[in-house]
Amino acid sequence: MSYEIVKQAKNKCVGTKKVTKTVEQGKAIEVFVSKDADPRLTINLVALCTQMGVPVTYVDSMKMLGKACGIEVGAAVAAVVNE
């Protein structure tokens, strides 16, 4: 289900740096975090999302999240963007 939301989203961004910037700018609608990603990469982003009121959805696999985003490698985080 969550992967379908990412797959169908018109605007999305992938990667901790891009997603963090998008959340800070208030453009993120929802953030997706892989459960198998290194917590050191995701913990600050999850805290920022909580502070900014952006919903965080956890997904099982970096590989599947990357595939849903249309990239060949795994993705630790992705966001659906409102633009």
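How many residues does helix H3 have, and how far does the helix reach from its first C-alpha to its last? Helix H3 (residues 39-52) has 14 residues and spans 19 Å between these two atoms, close to the 20 Å expected at 1.5 Å a residue; the expected span is 1.5 Å times one less than the number of residues. Helices (H or I, at least four residues) and strands (E, at least two) are DSSP runs, numbered from the N terminus.

The model is predicted, and local features need pLDDT of at least 70, side-chain atom pairs count only at pLDDT 80 or more, and totals for chains, interfaces and linings use all residues. Residues are numbered from 1 along each chain as its sequence is written, and side-chain values use heavy atoms, with hydrogens and water left out.

Residues are classed as buried (under 20% relative accessible area), exposed (over 50%) or partly exposed (in between), with a 1.4 Å probe and protein chains only. In H3, the buried residues are Thr42, Leu45, Val46, Leu48 and Cys49. These residues lie on the same side of H3 because they cover an arc of only 160 degrees around the axis, the arc being that of the directions from the helix axis to the C-beta atoms. Pro39, Arg40, Ile43, Asn44, Thr50 and Gln51 are exposed on the other side of H3. The buried residues pack against helix H2 (16-24) and against the strands S2 (28-34), S3 (56-59) and S4 (77-81), where contact means heavy atoms within 4.5 Å. After H3 comes glycine 53, which has a positive phi, near 75 degrees.

Side chains of opposite charge can pair when their charged atoms come close. A salt bridge is a side-chain nitrogen of Lys or Arg within 4 Å of a carboxyl oxygen of Asp or Glu, and a search of the whole structure finds three.

One of them joins aspartate 38 and arginine 40, at 2.9 Å from N to O. Aspartate 38 is partly exposed, with a relative accessible area of 29%, whereas arginine 40 is exposed at 70%.

Lysine 35 forms a salt bridge with aspartate 60, with the closest N and O atoms 3.5 Å apart. This pair links distant parts of the chain, 25 residues apart: lysine 35 is in the loop between S2 and H3, and aspartate 60 in the loop between S3 and helix H4 (62-68).

Lysine 7 and glutamate 4 also form a salt bridge, their closest N and O atoms being 4.0 Å apart. About one helical turn separates lysine 7 and glutamate 4, because they are three residues apart in helix H1 (residues 2-8).
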